[in-house]
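Q: Could you walk me through a few local features of this model, with the cut-offs spelled out as we go?

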Amino acid sequence: MIQGTGSSVGKSILVTALCRIFKQDGYTVCPYKSQNMSLNSYITHDGKEMGRAQVLQAYACGLEPEAYMNPILLKPTSDKKCQIIFNGRVFGNSTAMEYHNMKLDFADKLKSQFEEMEKQFDIIVIEGAGSPAEINLRDRDIVNMGLAEMVDAPVLLAGDIDKGGVFASLAGTMVLFNEEERKRVKGTIINKFRGDVEILKPGLKMLEDIIKVPTIGVVPHFSLDLEDEDGAVEFNKSAKAPIDIAIVKLPHISNFTDFDALKIEEDVSTRYITSKDNFGNPDLLILPGTKNTIDDLLSLRESGLEDLIKEYAKDGLVVGVCGGYQMLGKTLKDPYGVETDNKETVGIGLLDVETVFEKEKVTTRVKATSKDVEVYGYEIHMGICSYGENAKPLFTIYDENGKNVERKDGAVNENGNVMGSYIHGVFDGVNFRENIINRLRKEKGLELKKSKVYENLREKNLDILADLVRQNMDIDYIYQVMGIKR
């Protein structure tokens with residue numbers, strides 16, 4: 001099990017690296033995170049919802065992502081409330097206190113599920129959540145030391161040196177553990193290191209003397225085209241390439257990994273708009289998904305960004321994804337109070353569509369086409385859109401969770417410069433991404449190019465990641481800790 005001294009110290013990426021290393025060494029491997037809090041989710045082939053971090057880890061293992069790899073997904077809807085996804089399905093909505101009180105009810109289910117996984121795989125690499133030293137939560141813990149004890153997993157503790165204070169973070173975490181928990185920690189990892197490791201070595205020796213646990217790796221800071229979790233992503237605000245793609249940073253933004261594939265285009269920069277001041281004049285404006293469409297729409301209205309979006313849309317290219325697509329419509333109706341007490345909210349009005357929020361969530365994997373342009377991805381939404389006279393469907397979905405269907409998705413305006421879709425990951429496929437980016441290149445007088453296959457690049461970077469971590473971590477010691485003879 002990989003635990004960390006706090007959020008965003010690199011637990012997810014270290015688990016990803018170890019999963020690929022063990023796979024390369026010939027073992028069957030599976031990732032596991034019992035509880036994940038994230039607005040960045042994914043739909044499996046059987047229509048279940050899970051956290052995105054375990055998706056990348058599954059790919060590192062050579063596996064198709066499955067909901068059992070992340071049985072509990074918490075999707076915040078406000079500062080104190082969240083939607084609980086259990087084994088890929090909506091379990092209910094609760095306050096933080098309500099969920100805290102029900103956590104132990106999940107413990108037996110998690111244990112029996114984990115025991116089934118142990119029968120299928122040689123190695124399970126577990127990711128903790130946040131910090132394991134949250135002493136106020138310890139008595140009901142099912143994701144850090146509570147889980148490690150439940151499944152008897154040895155623990156490696158990671159700290160982020162890039163933030164500063166890594167020695168204090170590691171030592172302080174160990175101090176807050178009880179004696180049994182300290183015994184479970186078999187090694188520490190210094191992550192995101194920049195500089196000369198020789199200067200660091202005296203500190204490593206002093207740390208080992210203090211906590212009586214060896215440092216088994218110093219992993220350098222690196223930059224690869226691999227997706228981040230919510231808390232780790234950097235929402236950069238400046239363009240650095242000829243083509244400027246701007247994404248509106250909504251307060252409840254979700255599934256920002258929808259735009260990772262755009263980053264592999266060498267003449268493209270993606271940046272995030274957080275206010276009127278950094279709106280600029282992008283070549284493409286994207287309204288992303290959100291966990292609370294209506295509240296975020298009202299936030300855009302209050303901040304003045306809505307007026308800028310309307311003005312930009314007179315000539316610029318606008319794409320909305322899921323909640324962003326809903327915002328672009330004329331009205332959003334919420335008769336059952338799914339998102340808000342507002343029964344009807346006026347949309348931005350750039351697409352002639354109307355959204356009605358239903359009680360049941362749509363969670364499907366889809367394949368679709370539009371004028372011989374193939375797209376694929378997944379849908380996670382509560383709203384259903386209907387078309388007015390001045391909106392045409394953007395895509396025709398022909399495959400839904402492996403079944404042949406024929407239904408419309410998305411919309412495009414009469415001028416063809418404002419469009420929206422419910423399909424998350426719509427830019428992952430080469431065809432649609434190439435079509436959109438070449439449209440921008442043509443408008444700017446740039447050379448047209450063929451786009452790269454995102455999945456191929458991901459596989460290449462997973463191997464680069466594994467090599468980097470293998471070179472900077474004592475993998476033989478980790479095998480020894482797991483009781484595996486090589």
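**Strands, helices and a pocket**

A: K192 is found in strand β11 (residues 185-193), where strands (E, at least two residues) and helices (H or I, at least four) are DSSP runs numbered from the N terminus. This is a predicted model, in which local features need pLDDT of at least 70 and side-chain atom pairs count only at pLDDT 80 or more, while totals for chains, interfaces and linings use all residues. Residues are numbered from 1 along each chain as its sequence is written, and side-chain values use heavy atoms, with hydrogens and water left out.

Q: What is the phi of K192?

A: K192 has a positive phi of about 65°, although it is not a glycine. Most residues other than glycine have a negative phi.

Q: And is K371 buried or exposed?

A: K371 is exposed, with a relative accessible area of 80%, whereas K192 is partly exposed at 22%; buried means under 20% relative accessible area, exposed over 50%, and partly exposed in between, with a 1.4 Å probe and protein chains only. K371 lies in the loop between β21 and β22, and K371 also has a positive phi, about 50°, without being a glycine.

Q: Switching to helices, how far apart are the end C-alpha atoms of α12?

A: They are 27 Å apart, which agrees with the 27 Å that the 19 residues of α12 (residues 454-472) should span at 1.5 Å a residue; the expected span is 1.5 Å times one less than the number of residues.

Q: Which residues of α12 are buried?

A: The buried residues of α12 are Y454, R458, N461, L462, L465, A466, L468 and V469. They cover an arc of only 165° around the axis, which puts them on the same side of α12; the arc is that of the directions from the helix axis to the C-beta atoms. On the other side of α12, N456, K460 and Q471 are exposed.

Q: What do the buried residues of α12 pack against?

A: They pack against α1 (11-24), α2 (52-61), β12 (215-220) and α11 (430-444), with contact meaning heavy atoms within 4.5 Å.

Q: Which residues of α11 are buried?

A: In α11, the buried residues are F432, R433, E434, I436, I437, N438, L440 and R441. After α11 comes G445, whose phi is positive, near 75°.

Q: How about D108, buried or exposed?

A: D108, also in helix α3, counts as exposed at 64% relative accessibility.

Q: Last topic: which residues are closest to the centre of the second largest pocket?

A: Of the 33 residues that line the second largest pocket, the closest to its centre are T77, Q83, K291, V338 and M382. Elements that each supply at least two residues of the lining include β7 (81-86), β8 (89-95) and α8 (293-303).

Definitions and conventions:
On a 1 Å grid over the protein atoms alone, a cavity is a set of points where a 1.4 Å probe fits but cannot get out, and a pocket is an open set with protein on both sides within 12 Å along at least five of seven lines; lining residues have an atom within 4 Å of a point.
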